[in-house]
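Here is a short briefing to read alongside the model. Keep the structure open as you go through the topics below.

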Amino acid sequence: MFRKLFRLIFGDPKPPAGDEAVSGGVAEPPLEPDPGLVNISHRPDACEDFPVKHIALRGLDADRFQAQSPKAKRLASRVGKPNSSDVRKIRRSRADIRTAAVARRKSRKQAVAKRHASDITFLGRGVSRGLGDRRSDTVRLCEYGLPVLSTPADVANTLQLTIPRLRWLAFHSDAITRSHYYTFQIPRKNGRLRTLQAPHRTMAYAQGWILDEILYRIPVHNAAHGFIPERSVVTNAKPHLGARIVINTDLKDFFPAITFARVNGLFCSLGYSPAVATILALLCTEAPRQKLVYEGVTYLAATGPRVLPQGACTSPAISNLITRALDRRLQGMADKLNWTYTRYADDITWSTLESPRPSVGYVLARIQQIAEDEGFEINEEKTRVLRPNQRQSVTGVAVNDRLSVPRTTIRRIRAILHNAQFTGLENQNRDNHPHFEHWLLGMIGWIGMVQPESGDKLRASFDQLRSR
């Protein structure tokens, strides 16, 4: 086999003189080419592709490698060992390459550190898409009278925070060891627990600035009465005074229904760049979390998307701005049907002074349809239809013939204050309120807001009791 390959590459050498005599005067028959091999001696360019190392490994003489290509001759001359100058050149080139690579890594590391200290380009998976767009609509921002912010540096400078501090506040992670909120639970009237999230100091400061400088400057719908200056449960109940039919309903999971994407879209609609809107939305939302222990470390793992936290000062104002479209549609429907519509946070109230036409069922169906179109859900368990022969209450205020607090509530507070004069205030805490005195003072204030005369009398009794 080796002889066949050798003859196919180099040709059939001429036999020395006397070979014919040795073989009896008969020349050896020509060697038939193996169909599995390629005769590269008949291809001038084939010698260029034939590795020279194969010649050395086969023990062939490079000088006898008769190739028709100049490149093949140069390859054949390289079979020998490289000289010392070539080795030094190779070593020097490798050292230069390593030095250049180290310099590039160092320069890249310095550039990343500089950008990390002066800009924000990533704030977590799933929320960082808009951080590269720094284009704000300054005309719209000026129309609303809002501060002009376009970049993360603008937000940090306005909040008087460093870029790393702002990144720490706004960064989203599915598993954290420390939260920016203090989470606790309070009981509801139905016996369930309501989870509240109170922001820590730095987060509360940032949210307070957003509330005062941005959210309070945007007008809300006239039908909204919750968490708005100079509006209250009294202004929400007054339009329904003396109504023939009162419909009370509730938006289910109101704050959890307003996600990070909706808050981000709200800030973008005001004219802020996607980068600024992303940061502001992250500062105003938080994911529901559950404690998990892994390898002795306690983590707070996200169990859902980022939503408005119950306890942040920005959540009520953002909810009023998010529901502007809902308020416009429901108000338009109420005007068309000759009804009255108001909303206090998640409590929706409809009333009419006349016999309902169309039917109450039609009105409830339309309310549910519009709410679902706007991304909310009606809580059917809290839907009530109140008629004149019933106690018609709107956000805790009776509206049958005049605005009033239920008599049972006033009598209960009056009895607590009277008995406390003999037994002490602490002994009247029969429901085990954690902060009974503050609860009692809050109830007196609420009664005074609806019925000022009754509230003044109760407050005088309370002050007299505390002065002892």
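Helix 13 (274-284) has its buried residues covered by a set of elements that includes helix 8 (152-158), helix 9 (163-170), strand 2 (181-187), helix 10, helix 12 and helix 14. Please bear in mind that this is a predicted model. In the protein chain there are 19 helices and 11 strands, and buried residues make up 38% of its 468 residues.

**Helix 13**

- Helix 13 is mostly covered, as 10 of its 11 residues are buried.
- The buried residues of helix 13 run through Ala 275, Val 276, Ala 277, Thr 278, Ile 279, Leu 280, Ala 281, Leu 282, Leu 283 and Cys 284.

**How helix 12 meets helix 14**

- Helix 12 (residues 260-269) packs with helix 14 (residues 314-322) at an angle of about 75°, and their axes are 11 Å apart.
- Angles of 65 to 115 degrees count as roughly perpendicular, and helix 12 and helix 14 are therefore roughly perpendicular to each other.
- On the helix 12 side, the contact is made by Arg 262, Val 263 and Leu 266; on the helix 14 side, by Ile 318, Leu 321 and Ile 322.
- The residues in this contact of helix 12 with helix 14 comprise 5 nonpolar, no polar and 1 charged.
- As background for reading such a contact, an α-helix has 3.6 residues a turn, so residues three or four places apart point the same way.

**The second largest pocket**

- The second largest pocket holds about 300 Å³ of space.
- This pocket is lined by 14 residues, and those closest to its centre are Arg 402, Ser 404, Val 405, Pro 406 and Arg 407.
- The lining of the second largest pocket divides into 4 nonpolar, 4 polar and 6 charged residues.
- Which helix gives the most to the lining of the second largest pocket? That is helix 17 (residues 407-423), with 4 residues.

**Thr 409 in helix 17**

- Thr 409 is found in helix 17.
- Is Thr 409 buried or exposed? Buried means under 20% relative accessible area, and Thr 409 is buried because its relative accessible area is 19%.
- Neighbours within four places in sequence aside, Thr 409 is in contact with Met 443, Trp 446 and Ile 447.

- Most residues other than glycine have a negative phi.
- Glu 230, a residue other than glycine, has a positive phi near 65°.
- Glu 230 sits in the loop between helix 10 and helix 11 (233-237), and with 82% relative accessibility Glu 230 counts as exposed.
- Asn 338 likewise is a residue other than glycine with a positive phi, near 65°.
- Where is Asn 338? Asn 338 lies in the loop between helix 15 and strand 7.

**Contacts along the chain**

- Among contacts in the protein chain with a separation of 6 or more, 66% are between residues 24 or more positions apart.

Key
Residues numbered from 1 in each chain as written. Predicted model: local features only at pLDDT ≥ 70, side-chain atom pairs only at ≥ 80, totals over all residues. Heavy atoms only, no water. Axes fitted to C-alpha atoms, helices over the stretch in contact; angles between N-to-C directions. Helix = DSSP H or I, 4+ residues; strand = E, 2+ residues; numbered from the N terminus. Parallel < 35°, antiparallel > 145°, perpendicular 65-115°, else oblique. Contact = heavy atoms within 4.5 Å. Nonpolar A, V, L, I, M, F, W, Y, C, P; charged D, E, K, R; others polar. 1 Å grid on protein atoms, 1.4 Å probe; cavity = no way out; pocket = protein on both sides within 12 Å on 5 of 7 lines; lining within 4 Å. Points joined across faces, edges and corners; volume = space filled by probe spheres on them. Buried < 20%, exposed > 50% of the residue type's maximum accessible area, 1.4 Å probe, protein only.
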